[in-house]
Amino acid sequence: MKKNIKEMPFSGIRKFFDLASGIKGVISLGVGEPDFITPWHICEASVYSLEKGYTNYTSNCGLEELRREITGYLLKRFNLQYDYSREIVVTVGASEAIDIALRSVLEPGDEVIIPEPCFVAYKPCTVMAGGVVKTVATREADHFKLRPEDLEKAITPRSKVLLMCYPNNPTGAVMTEKELQAIAGIAEKYDLLVIADEIYSELTYDGEHVSFASLPRMKERTVLVNGFSKSFAMTGWRVGYAAAPEDIAVAMLKIHQYTIMCAPIMGQMAAIEALKNGVGEVKKMAGQYDRRRSLIVNGLRQIGLPCFEPKGAFYAFPSVKFTGMSSQEFCETLLNEEKVAVVPGDAFGRCGEGYIRCSYAASVEQITEALNRMEKFLERHVKKQRTIYAVR
Amino acid sequence: MDDIKVRLLQALEQNHRITTCTLATMLDLPENEVKNIIKELEDVKIILGYVTLIDWEKTGNNDNVTAIIDVQMTPQRDVGFDVIAERICRFPEVTSVYLMSGGYDLSVMVEGTSLKQVAFFVSEKLATMENVQSTATHFVLKKYKQNGIVFNDDKKDHRLVITP
């Protein structure tokens, strides 16, 4: 077996998944996908296309109608102008887009700068593409935003790509236009390509999402990655896309052509319907997430877990440092004792240690019950902690 | 209407049994303010009531019948259909009344304890009303979905317990 694959660990999430799956009656705040099912009109459009016999391959870059809808959406939503015929690749989820973008641009030894905590696939994808990972830690004090000075410190002559995700999984952090502009300045100064994973763009609360490619002169150095999974509750359909400068889009298309061929047509058909008629549903779902966000953030604070205010995605990222337990220890004990599943923050990078990811893609009742159980858990353990100190 | 009220209504529309304390947390408002807003919305009849949707079939002692009646009528000068619609609303067996576009004018939903009772209501009370030209009665055989809620829905969470 290839050495770097052999050495590559399974995601920290997988280990935890195995633990949690073995226990009955678990309330899970560990799920990184919407708890809504895909709006019915979207499913129906796909079923209808099957009835009509659309079961074939599509062109490698995706159905023309879908690519037109995507460019229309990007224009309307973020004022971004892309050519549907040359700059859009429809992929099997945003994950594939990230993978083929990295494989398209990295020469062996090229460095990819990745702000952490981050989605679990960024680092392995970089390694598999022959790149070298350079992580940049972000901090709670900065609301887990990427600081330009930290980015600049990580840059070497081999730096080629900045791979970042805002709104962020797992922290829920977002970056404002002004903050992104500072990053854009550095990207330009050091000639970095930016892969902007904006899969959670529609789930931005308190203000509008700013697409990195929409900043002045950034479109030509940005691979914009987005998809349907999170915003339209379409995770299982596996449809995403990349919008990129033509030369990169062409390179990505080659890899996509020889490995994937095309994204499944039924998913593409559903995605067309999503963009045509699903935006209202997205707003409704976002409204519900927003109310649960207040519920979970305030709830976590009330039971004593310090939690910065996440402004996007559907995760809260509270600190558990004061309990004296590591993230792993906290999550495992919580799971075993109270049957609440949350994800240890270190699964998303070393600087996530001391935090836990709590997804609020769960019903109000589940969130409330999970908070009650966590409160009991904390009372028990924090007290114990205090007693230990007292005895000492 | 301001945004806070709309958000509060959206939350209540889904589940009115949610406590004011939870609502306050969800909307980032003091609980007292939530109570005041709800009171205000009730006073101006934006919130009209809170009902419980019950599947009476499952209780085993449900003999009620429901009928939907299409009513054709002659509108009255100045008031159109309103006055007569309001008269129909007064009957306690009438559960909803809508003015419709298309082939007939009012859609009236009636509930009674027997087929006979509903038929009697239609022939004696409704059809004999001034301005009512004709009625067509359709009995409901089975309810699948009402007020956005599916009867016999076994919703399951198919997601894996933990995903990235």
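1. Helices, as named here, are DSSP runs of H or I with at least four residues, and strands are DSSP runs of E with at least two, each numbered from the N terminus. On that basis A:P117 sits in the loop of chain A between β3 (111-116) and α6 (122-128). The structure under review is a predicted model, and the points below should be read accordingly.

2. The peptide bond leading from A:E116 into A:P117 is cis, with omega near -5 degrees. A further cis bond links A:N169 to A:P170, where omega is about 20 degrees. A:P170 also belongs to a loop, that between β5 (159-165) and α8 (177-189) of chain A. As background, most peptide bonds are trans, and most residues other than glycine have a negative phi.

3. Backbone phi deserves a check at A:K339, a residue other than glycine whose phi is positive, near 55 degrees. A:K339 is placed in the loop between α12 (327-338) and β10 (340-341) of chain A. A:K339 counts as partly exposed because it has 16 C-beta neighbours inside 10 Å, a count that falls between the limits of 12 or fewer for exposed and 20 or more for buried.

4. In chain B, B:N147 likewise has a positive phi without being glycine, with a value near 50 degrees. The loop that holds B:N147 runs between β5 (145-146) and β6 (149-150) of chain B. Is B:N147 buried or exposed? B:N147 has 6 C-beta neighbours inside 10 Å and therefore counts as exposed.

5. The contact between the two chains draws 25 residues from chain A and 15 residues from chain B. On the chain B side, α1 (3-14) and α2 (20-27) each contribute at least two residues. By class, the chain B side consists of 8 nonpolar, 4 polar and 3 charged residues.

6. The helices α1(B) and α2(B) also pack against each other, their axes 11 Å apart and at an angle of about 130 degrees. That angle makes α1(B) oblique to α2(B), since angles over 145 degrees would be needed for roughly antiparallel and 65 to 115 degrees for roughly perpendicular. The crossing of α1(B) past α2(B) is right-handed. From α1(B), the residues making the contact are B:I4, B:R7, B:L8 and B:A11, and from α2(B) they are B:L23, B:M26 and B:L27. This helix contact comprises 6 nonpolar residues and 1 charged residue, with no polar ones.

7. Chain B contains an open sheet of 4 strands in the order β2-β3-β1-β4, with antiparallel pairing. Its edges are β2 (94-99) and β4 (132-139); each has a single partner strand, so one side of each is left without a neighbour in the sheet. From one strand to the next, the twist averages 20 degrees. The antiparallel pairing of β2(B) with β3 (residues 106-112) of chain B extends over 5 bridges. Within this pairing, B:S96 has B:M109 of β3(B) as its bridge partner.

8. Two helices of chain B lie across strands of that chain. Helix α4 (residues 82-89) lies across β1 (65-73), β2 and β3, running at about 165 degrees to β2(B). Helix α5 (residues 115-126) lies across β1, β3 and β4, and its direction is at about 20 degrees to β1(B).

Note on methods:
Residues are numbered from 1 along each chain as its sequence is written. Chains are lettered from A and ligands numbered from 1 in the order in which they are written. This is a predicted model: local features need pLDDT of at least 70, side-chain atom pairs count only at pLDDT 80 or more; totals for chains, interfaces and linings use all residues. Two residues are in contact if their C-beta atoms, placed from the backbone, lie within 7 Å. Ala, Val, Leu, Ile, Met, Phe, Trp, Tyr, Cys and Pro count as nonpolar, Asp, Glu, Lys and Arg as charged, and the others, Gly among them, as polar. Axes are lines fitted to C-alpha atoms, for helices over the stretch in contact, and angles run from 0 to 180 degrees between N-to-C directions. Angles under 35 degrees count as roughly parallel, over 145 as roughly antiparallel, 65 to 115 as roughly perpendicular and the rest as oblique. A crossing is left-handed if the near helix is turned anticlockwise from the far one by less than a right angle, and right-handed if clockwise. Two strands pair if DSSP finds at least two bridges between them.
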